[in-house]
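Subject: Structure handover

Hello,

Here is the structure I promised to pass on. Please open it next to this email, and my notes follow below.

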Amino acid sequence: MKGITQSLRLGRLTALAGAVTLACAATAVQAAPVALNIVDVAGDLAVTQKALESFRDQNPDLVSSITFTNAPAPQIPGKIKAMQAAGRSDIDMVLTGTDALAAGIEQGLWLKLLPDHDDLFKKDVDSYHPAAAKMQKLAQGYGLEVAFMQGGPLLEYNPKTVKNPPKTPEELLKWCQANPGKFLYARPANSGPGRTFLMGLPYLLHDKDPYDPINGWDNTWKFLKELNSCVPYYPGGTSAIMKELGQGSRDMTPTVTGWDINPRALGIVPADFKIQAFDNFTWVTDAHYMVIPKGVSAEKQKVLFKLMNFMLQPKQQAMTYDTGYFYPGPAVAHVPLSAAPKESQEVIAKYGRREYAAMTADHPSAVPLDAKTMVAAFQKWDQDIGALKK
């Protein structure tokens with residue numbers, strides 16, 4: 001009996017040792033660093049890539065590598081939808097503006113973050129400054145705002161060729177008709193300045209309902225059709241506009257704070273180009289968001305959640321001042337320019353506009369259209385305005 005008892009004990013110990021080994025192996029697999037694939041459809045990497053790389057470098061136990069890819073905003077929803085239908089998850093995070101955010105919400109592509117994970121993100125959301133907090137509501141819990149821009153619409157122009165810049169939409173139309181081919185704006189579905197111009201017009205033209213593009217924008221659609229007569233074509237993105245402006249083939253374009261400062265800082269647009277605000281305009285603010293496609297593994301989700309927390313801390317937020325691309329940049333409160341890297345402070349001091357502070361204080365602001373309505377506005381513009389140039 002003694003030998004049998006010892007054998008049973010030995011068997012139990014061996015089984016226990018095997019279980020411990022398997023458990024340790026499973027833990028090791030779960031704890032292994034993951035490779036992340038992040039797709040940017042908003043130009044957001046200009047203000048966040050350094051911070052994202054800092055997370056990777058500071059957390060080698062969590063992240064082995066990050067692959068950054070750029071893609072046009074209109075293409076990403078279809079691509080993700082196809083991957084999800086095939087049971088694949090090749091994209092772990094998307095950095096997006098309100099355009100692809102809206103399309104993804106409409107199509108049910110994004111992972112729900114709030115209130116599902118309030119325990120992880122409520123403190124971060126509560127740290128947004130008031131204007132950014134309004135923009136966060138557009139995410140409807142499916143994304144976290146990572147950068148904020150005061151927005152527009154503003155007009156940027158060449159002071160050598162435009163002596164009296166327009167101050168109203170009516171003056172803009174007359175100038176455009178008198179100077180055909182010299183005014184240009186990009187397709188709103190893939191351009192921050194383009195969609196800000198589109199969404200700012202209902203306030204300027206006193207439309208019935210600025211938040212109802214289908215039934216409340218009669219004046220806006222009429223104006224854009226008239227403007228179409230002197231617009232040569234609609235580029236697919238803002239970068240092309242800025243190159244043409246800088247090269248002298250165009251004299252004027254709608255812009256926003258970031259797209260005014262950054263191209264001049266980079267030398268794409270001459271530093272002496274000016275901006276003109278419309279009389280009695282309303283700011284349409286803008287933001288970039290971090291979203292996670294449905295289907296990303298639970299293991300990667302945990303890492304991505306920590307990454308999101310990291311990106312919303314003051315040190316990383318101060319880095320979003322960058323070179324003015326998404327001016328001002330920080331979405332959380334109490335992150336002054338003095339907290340930004342020295343290079344950012346120097347760029348903003350040289351290429352920023354003193355008048356922006358007064359314009360921000362003197363003019364009201366409004367959030368963009370919500371997800372469903374924005375998609376409807378883009379579709380109507382594509383059909384009624386963009387199609388006229390095909």
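Start with two helices in contact. On the H2 side, Thr48, Ala51, Leu52, Ser54, Phe55 and Gln58 take part, and they meet Val303, Lys306, Leu307, Phe310 and Met311 of H12. By class, this contact has seven nonpolar, three polar and one charged residues. Bear in mind that this is a predicted model.

Now the geometry of that pair. H2 covers residues 45-58 and H12 covers residues 298-311. They pack at an angle of about 125°, and their axes are 10 Å apart. H2 is therefore oblique to H12. The crossing is right-handed.

H4 (residues 98-107) and H16 (residues 371-384) have axes that come within 8 Å and cross at roughly 110°. Angles of 65 to 115 degrees count as roughly perpendicular, so H4 and H16 fall into that class. H4 passes H16 in a left-handed crossing. From H4, the residues in contact are Thr98, Asp99, Ala102, Ala103, Ile105 and Glu106. From H16, they are Ala371, Lys372, Met374, Val375 and Phe378. This contact has seven nonpolar, one polar and three charged residues.

Next, the pockets. What is the volume of the largest pocket? It comes to about 530 Å³. The lining of the largest pocket has 30 residues. Nearest its centre lie Ala42, Gly43, Ser239, Trp259 and Tyr325. Helices H8 (192-204), H10 (238-247) and H11 (257-265) and strand S8 (283-291) are the elements that give two or more residues to this lining. H10 gives the most, with four residues. By class, the lining of the largest pocket divides into 14 nonpolar, eleven polar and five charged residues.

The second largest pocket holds about 260 Å³ of space. It is lined by 16 residues, and His129, Phe148, Gln150, Tyr327 and Pro328 are the closest to its centre. Two or more lining residues come from each of strand S4 (144-152) and helix H15 (355-362). H15 gives the most to this lining, with three residues. The lining of the second largest pocket has eleven nonpolar and five polar residues, and no charged residues.

Best wishes

Methods:
Residues are numbered from 1 along each chain as its sequence is written. This is a predicted model: local features need pLDDT of at least 70, side-chain atom pairs count only at pLDDT 80 or more; totals for chains, interfaces and linings use all residues. Side-chain values use heavy atoms; hydrogens and water are left out. Axes are lines fitted to C-alpha atoms, for helices over the stretch in contact, and angles run from 0 to 180 degrees between N-to-C directions. Angles under 35 degrees count as roughly parallel, over 145 as roughly antiparallel, 65 to 115 as roughly perpendicular and the rest as oblique. A crossing is left-handed if the near helix is turned anticlockwise from the far one by less than a right angle, and right-handed if clockwise. Contact means heavy atoms within 4.5 Å. Ala, Val, Leu, Ile, Met, Phe, Trp, Tyr, Cys and Pro count as nonpolar, Asp, Glu, Lys and Arg as charged, and the others, Gly among them, as polar. On a 1 Å grid over the protein atoms alone, a cavity is a set of points where a 1.4 Å probe fits but cannot get out, and a pocket is an open set with protein on both sides within 12 Å along at least five of seven lines; lining residues have an atom within 4 Å of a point. Grid points are joined across faces, edges and corners, and a volume is the space filled by probe spheres set on the points.
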